[in-house]
Amino acid sequence: MFRTHNSHELNAHLAGQKVTVAGWVDRRRDHGGLIFIDVRDRSGLVQVIFNPELSADCHKLAEDLRSEFVVQVTGVISLRPEGTKNPKLATGEIEILADNLTVLNTSETPPFYINEDVDVEENLRLKYLYLNMRRPRVRDIILLRHQVMRFMRSYFDALSFVEVETPILGKSTPEGARDYLVPSRVHLGKFYALPQSPQQMKQLLMVGGIERYYQIAKCFRDEDTRADRQPEFTQLDVEMSFIDEADIISIAEEMFISLVRHLRPNKRMTIPFPRITYTEAMECYGSDKPDLRFDMRIGDVSQIVSDSEFGVFKNTIASDCKVKAIALPGCGAYSRQELAHLTELAQSYGAKGLLSLALGECASIDALTMEHVKSVAAKYLTLEQIKQIAVRTGAKPGDLIVFVADSDAVVTNSLGKLRQEMGLRLKLADPEQFAFAWVVDFPLLEWNNDFNRWQATHHPFTSPMEADIPLLDTAPSKAGSRAYDIVLNGHEVGGGSIRIHQAWLQRKIFQVMGYNDAEIDERFGHLLEAFSYGAPPHGGIAVGLDRLVMLLSDAGNIRDVIPFPKNQNAVDMLFNAPAPATAEQLRDVHIQLREE
């Protein structure tokens, strides 16, 4: 071994003992005769002193050390003199008096500082991932990711779940996003698809009698990247037989509670997790993944202003559209420029405009007078209407109420995004709170205007509410699903459902989605046939591991928690992928590129 101890194992109890450490030079300081270096390994830092009176040769060699040189140092542990101890460092009470130094490797000057927590342009960090990993913040996230996966495995092992690996090369089936295709060399003109999730595989495991399955699975979706999405991602995949929604929610919720208590004990949670319906989430928060660390609910004020003579309100309601509003706490004194910026923000979310109503400071809403109100629409509204709007939106004196008038979809989307953005800007969300919630009672299907057909809200294997099965023939939009999502601080971190386990019902769902019998048999015949051999009732959940680690680590971007991520354009900067294939490779898989 190159070392007797890792940095985190060194402490004052070892004073006087000779040790050997190995790692990278984090910093070097020359104090006129004495040379100090910090040796960094995965577990931390330790200070080493080179004194020419102890070893002239060792001191001479240390003069040439630079940051990121790889070294092996032997010396005696010594207590630091009073006044020189570093309470911020785990090894801050001790230092090593070196008597032997071996330079294991030298280093070029890194393209960015490794020993300083400074911002580095993302593509540069991704190109030099192996250097970025040496930075304490990144290293700690990688270790946290390991701890999360280890905890999950231990948790499900203790509940008699079986970890089963499922194939990466499979068949393309519609699950909501584009597939990554892999051409076959052996089978001319045919392709494998990388899995968007192991959905059908885990259902077949239930048909096979495994009953309790889990896997930390790699998944692939060819879709645009964003702050919390990558084309290649990892999820905890769970499936169970002979259960209902309550069973899965209970097991998953206990896992989240135990995980947070184990790895982030300083975070506060509301237990049990609140449950809200999809309809409530959309109406109150404008999102099916609301951040519940702050209230700021959307209020439907259409009825309150229905008899207003204000043209915007009057015309909107006459068109069978909606007028909704939210209250921005403490923003009643916003300047004209700040209000213009709010309007631009709402317009970027799809609203045509934004109307504001500022409430001046007074004792309470009951004490409000028209002198306290500042708004273009104020002269068209009565004081009683303004008070009702304030109550409906939860506004207080000093707040700013903002309105959007449009179709229900536009109003909900624009105010929901404005709520989330302003909640963050106004710092309404407690950073030490983990606001978990279950969102339930999703619709089964939604209309896709681009393809002029019904599509699954979650995926086509989700079971409808039993009482709603007759609606599949008469009113598919009204059919509810047995699906559930778990959200955390404005992010969906998991989702699942009770699955369809009867062949006739699964075929029916495919038919409602516009597939004919030939298409159903070609794409899903294997699954329908499996269901004909005694498939048990089953369901499960998938948890986005990358997104969860992003939240556990307080990282701002999912790319910060994936060891080898793609950039925002889905490019691997380290390996320069995707890359052109050679003519021979293309010939082997029978592909000819066409110039555009």
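**Helix packing and strand pairing in the predicted model**

Helix H9 (residues 336-348) and helix H11 pack at an angle of about 130°, with their axes 9 Å apart, the axes being lines fitted to C-alpha atoms, for helices over the stretch in contact, and the angles running from 0 to 180 degrees between N-to-C directions. Helices (H or I, at least four residues) and strands (E, at least two) are DSSP runs, numbered from the N terminus. That angle makes H9 oblique to H11, given that angles under 35 degrees count as roughly parallel, over 145 as roughly antiparallel, 65 to 115 as roughly perpendicular and the rest as oblique. The structure is a predicted model, in which local features need pLDDT of at least 70 and side-chain atom pairs count only at pLDDT 80 or more, whereas totals for chains, interfaces and linings use all residues. Residues are numbered from 1 along each chain as its sequence is written, and side-chain values use heavy atoms, with hydrogens and water left out.

The crossing of H9 and H11 is right-handed; a crossing is given this name if the near helix is turned clockwise from the far one by less than a right angle, and is left-handed if anticlockwise. On the H9 side, His341, Leu342, Leu345 and Ala346 meet Ser414, Leu418, Glu421, Met422 and Arg425 of H11, where contact means heavy atoms within 4.5 Å. By class, this contact of H9 with H11 has five nonpolar, two polar and two charged residues, with Ala, Val, Leu, Ile, Met, Phe, Trp, Tyr, Cys and Pro counted as nonpolar, Asp, Glu, Lys and Arg as charged, and the others, Gly among them, as polar. Helix H11 (residues 408-425) also lies across strand S14 (322-328) and strand S17 (400-406), and runs at about 5° to S14.

Strands S14 and S17 belong to an open sheet of five strands, in the order S13-S14-S17-S15-S16, with antiparallel pairing; two strands pair if DSSP finds at least two bridges between them. At the edges of this sheet are strand S13 (299-300) and strand S16 (373-374), each of which pairs on one side only. Strand S15 (residues 355-359) is joined to S16 by two bridges, and the two run antiparallel, with Val373 in S16 as the bridge partner of Leu359.

An open sheet of eight strands, with mixed pairing, has the order S6-S9-S10-S24-S23-S22-S19-S12. Its edges are taken by strand S6 (162-163) and strand S12 (275-277), each with a single partner strand, so one side of each is left without a neighbour in the sheet. Within this sheet, strand S23 (residues 491-498) and strand S24 (residues 538-544) pair in the antiparallel sense over five bridges, and Ser497 stands opposite Gly540 in S24. In the loop between strand S22 (483-488) and S23 is Asn489, whose phi is near 50°, a positive value in a residue other than glycine.

Helix H13 (residues 503-512) and helix H14 (residues 517-531) pack at an angle of about 155°, with their axes 10 Å apart, which means that H13 is roughly antiparallel to H14. H13 passes H14 in a right-handed crossing. In this contact, Ala503, Gln506, Arg507, Phe510 and Gln511 of H13 meet Asp517, Ile520, Asp521, Phe524, Leu528 and Phe531 of H14, and these residues divide into six nonpolar, two polar and three charged.

Further antiparallel pairing involves strand S4 (residues 70-79), which pairs with strand S1 (residues 18-30) over seven bridges, Thr74 in S4 being the bridge partner of Thr20. S4 is also joined by 10 bridges to strand S5 (residues 94-105), again in the antiparallel sense, and in S5 the bridge partner of Ser78 is Glu95.

Aromatic pairs, in which rings of Phe, Tyr and Trp (its six-membered ring) have their centres within 6.5 Å, are classed as stacked with planes under 30 degrees apart, as edge-to-face over 60 and as tilted for the rest; the count comes to 19. Among them, Phe151 and Tyr155 form a stacked pair, at 6.3 Å centre to centre and with 15° between the planes. Because they are four residues apart in helix H4 (residues 136-158), Phe151 and Tyr155 are separated by about one helical turn.

A cis bond with omega of about 0° joins Ile271 and Pro272, and Pro272 has its place in the loop between strand S11 (268-269) and S12. The peptide bond from Ala577 to Pro578 is likewise cis, with omega near 5°, and Pro578 is found in the loop between helix H15 (545-552) and helix H16 (583-588).
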